[in-house]
Amino acid sequence: MSRVLVPFTLVAIYFHLTIIQAADPCKTHEVLQDDTRSAIRELGSTETEFCDRSLKLAWYKLEDPILGNATDMPTQCIPIMRCASTAPIWLNGTLPKNKGDVEKITACKRGFLSCCDNEFQIDVKNCGMFNVYHLSPLASCMGRYCTVGRAKCKPGTSSESGYEPCHKADITFDVKPRIIPHIPATDINDTERQLTFRCTGSYYSYQTMIFDIKYMIDGIEIPSNTSNLSYNAILTRGVLKADDWTVTGRTLGFKVLLFKGKYL
């Protein structure tokens, strides 16, 4: 009997197993720092109502807008028309007590007739010095997650800190503001040499107050960082810059109609 040798190749196959671990939400999280979410802030009849339908699905750390320290969601029923919503959301349960603990807590959407008109579950993790909340966008409006942080005083009210608790402000403000053009730099090569507008007036009698300045073009408010200004900051931080109005898609141009000069 003859033997037939059949050549063959031995193939070694290696499997590489990669284990992906989820990031620790105590180290990786979003931050919500908004005084309109305060459970003690009432929604005014002319104020804009907000909704968390478009909120990003993520873990969130809640921070007080004044001090910047951590805060939490309320764990007691709150009235309607709070947190800038007709349907504020609170937690019907107990927050985790020990570091590292994760609790699944019932979130309640406040209704007109009951404290819990609609409910769903959210996860809360204790990170030691603060808690993080796994918040998801709402299926429909209205509704908004609330915090126990303080809230800014509404227009027409005041306090020493500018935040709740506030009282009705008894202030007579009779200044007529004027808008004047201004170029802050004289050097033509200076990057700050661009046309700006100042809001001027006889504010000296009100120098202990805080000012919010709003600019409008053709009835449209121009978004600018001109809120909570001290008296001394009105002519510096309270100006309307070119970058402010160009974001609206508008441009501002001008031409020289007359130039006067004389020979020496």
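Q: Which residue forms a disulfide with Cys83, and how far apart are their sulfur atoms?

A: In general, a disulfide is a covalent bond between the sulfur atoms of two cysteines. Here the partner of Cys83 is Cys146, and their sulfur atoms lie 1.9 Å apart. The structure is a predicted model, in which local features need pLDDT of at least 70 and side-chain atom pairs count only at pLDDT 80 or more, while totals for chains, interfaces and linings use all residues. Residues are numbered from 1 along each chain as its sequence is written, and side-chain values use heavy atoms, with hydrogens and water left out.

Q: Is the disulfide of Cys83 and Cys146 left-handed or right-handed?

A: The torsion about the S-S bond is about 115°, so the disulfide of Cys83 and Cys146 is right-handed. The bond links distant parts of the chain, 63 residues apart: Cys83 belongs to the loop between E2 and E3, and Cys146 to the loop between E7 and strand E8 (157-158). Both Cys83 and Cys146 are buried, a word that stands for under 20% relative accessible area, with exposed for over 50% and partly exposed in between (1.4 Å probe, protein chains only).

Q: How many disulfides does the count give?

A: A pair of cysteine sulfur atoms within 2.5 Å is taken as a disulfide, and the count comes to five. One of them joins Cys26 to Cys127, with an S to S distance of 2.0 Å. Its torsion of -85° about the S-S bond is left-handed. Cys26 is in the segment before strand E1 (30-32), whereas Cys127 is in the loop between strand E5 (118-126) and strand E6 (131-135), so that distant parts of the chain, 101 residues apart, are linked. Cys26 and Cys127 are both buried.

Q: Which residue forms a disulfide with Cys77?

A: Cys77 is joined to Cys115, and their sulfur atoms are 2.0 Å apart. This disulfide is left-handed because the torsion about the S-S bond is about -90°. Cys77 lies in the loop between strand E2 (58-62) and E3, and Cys115 in the loop between E4 and E5; the pair therefore ties together parts that are 38 residues apart in sequence. Cys77 is partly exposed, since its relative accessible area is 33%. Cys115, with 31%, is partly exposed too.

Q: Which elements does the protein chain have?

A: Helices (H or I, at least four residues) and strands (E, at least two) are DSSP runs, numbered from the N terminus. The protein chain has 13 strands and one helix. From the N terminus on, the order of elements is β-β-β-β-β-β-β-β-β-β-β-β-β-α.

Q: Is strand E3 mostly covered or uncovered?

A: Strand E3 (residues 88-92) is mostly covered, with four of its five residues buried. In the protein chain as a whole, 32% of the 264 residues count as buried.

Q: With which strand does E3 pair in the parallel sense?

A: Two strands pair if DSSP finds at least two bridges between them. E3 pairs with strand E7 (residues 144-145) in the parallel sense over two bridges, and Ile89 has Tyr145 as its bridge partner in E7. E3 is also joined to strand E4 (residues 102-109) by four bridges, and these two strands run antiparallel. In E4, Lys109 stands opposite Ile89.

Q: What share of the contacts joins residues at least 24 apart?

A: A contact means heavy atoms within 4.5 Å. Among contacts in the protein chain between residues at least 6 apart in sequence, the share is 55%.
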